[in-house]
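Please examine the sequence and the structure shown below.

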Amino acid sequence: MKHAAAIAWTALALNCADPAAAQSPYAGEQTRTIKALSADEQRGWLDGQGMGLARAAELNSHPGPMHALELAEALALSDSQRRDLQALMSRHKAEARTLGAEVVRLEAELDRLFAERRATADNVSQVAAAIGAAQARVRASHLATHVATAALLTPEQIRRYDALRGYAGGSAAPAAAAGAAADDTHRHRHRH
């Protein structure tokens, strides 16, 4: 037993001495302009991209305007619906870009606190809380846009959207059709 433990400790010591074994998964990221954000993540925040922030809405029968417009023909959107969805998406994108820029600005501020050796428990806590609040505002904007989109579509369009996006097998009933009979929803799902 002592011999096995000695071998294990020796192997562990050798692995720790090997620089390749100790290399962090963050290696190479130290050259980023903002260490906590990749270039793609920065672009996502600045461009107002969805980044999965509205997944709770999307997967619970609250479509987003961009995908609804992409599926306009299949959903048989009216001209009025198309205009309303385009306007909604334009407003949302402008808002999401502004809010996302604040997330990036705050992440850069946090990065500077550490890079300039000015980080304290208090100022790090304050900036981290501000980042969390900024991220929450971006997410709320994305989610609210999905709520507004669902209000512009008919229950049948929402069901069709879910089917076209591959969500028809899910358990959530479309929000706009919450009062519809369960057997109608069951029959519809099995037609697609």
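Aspartate 40 has a relative accessible area of 54% and is therefore exposed; the term exposed applies over 50%, buried applies under 20%, and partly exposed covers the values in between, with a 1.4 Å probe and protein chains only. Aspartate 40 forms a salt bridge with arginine 43, and their closest N and O atoms are 2.3 Å apart. A salt bridge is a side-chain nitrogen of Lys or Arg within 4 Å of a carboxyl oxygen of Asp or Glu. Side chains of opposite charge can pair when their charged atoms come close. Because aspartate 40 and arginine 43 are 3 residues apart in helix α3, about one helical turn separates them. Arginine 43 counts as partly exposed, at 42% relative accessibility.

The model is predicted: local features need pLDDT of at least 70, side-chain atom pairs count only at pLDDT 80 or more, and totals for chains, interfaces and linings use all residues. Residues are numbered from 1 along each chain as its sequence is written, and side-chain values use heavy atoms, with hydrogens and water left out.

How many salt bridges does a search of the whole structure find? The search finds 9. One of them joins glutamate 102 to arginine 105, with the closest N and O atoms 2.8 Å apart. Both residues lie in helix α7, 3 residues apart, which is about one turn of the helix. Glutamate 102 is partly exposed, with a relative accessible area of 26%, and arginine 105 is also partly exposed, at 40%. Salt bridges with shared partners join Glu102, Arg105 and Glu109 into one network.

Another salt bridge connects aspartate 111 with lysine 35, whose closest N and O atoms are 4.0 Å apart. This pair links distant parts of the chain, since aspartate 111 belongs to helix α7 and lysine 35 to the loop between α2 (19-22) and α3, 76 residues apart. Aspartate 111 is buried, with a relative accessible area of 14%, whereas lysine 35 is partly exposed at 37%.

The description now turns to whole helices. Helices (H or I, at least four residues) and strands (E, at least two) are DSSP runs, numbered from the N terminus. Two packed helices are described by the angle between their axes and the distance between the axes. Axes are lines fitted to C-alpha atoms, for helices over the stretch in contact, and angles run from 0 to 180 degrees between N-to-C directions.

Helix α3 (residues 39-47) packs against helix α7 (residues 79-115) at an angle of about 135°, with the axes 6 Å apart. The two helices are therefore oblique to each other; angles under 35 degrees count as roughly parallel, over 145 as roughly antiparallel, 65 to 115 as roughly perpendicular, and the rest as oblique. Residues in this contact include Trp45 and Leu46 of α3 and Ala96 and Val103 of α7, where contact means heavy atoms within 4.5 Å.

How do the axes of α7 and α8 cross, and within what distance do they come? They cross at roughly 170° and come within 9 Å, which means that α7 is roughly antiparallel to α8.

Helix α8 (residues 121-152) contains serine 141. With a relative accessible area of 6%, serine 141 is buried. Leaving aside neighbours within four places in sequence, serine 141 is in contact with His92, Glu95 and Leu99.
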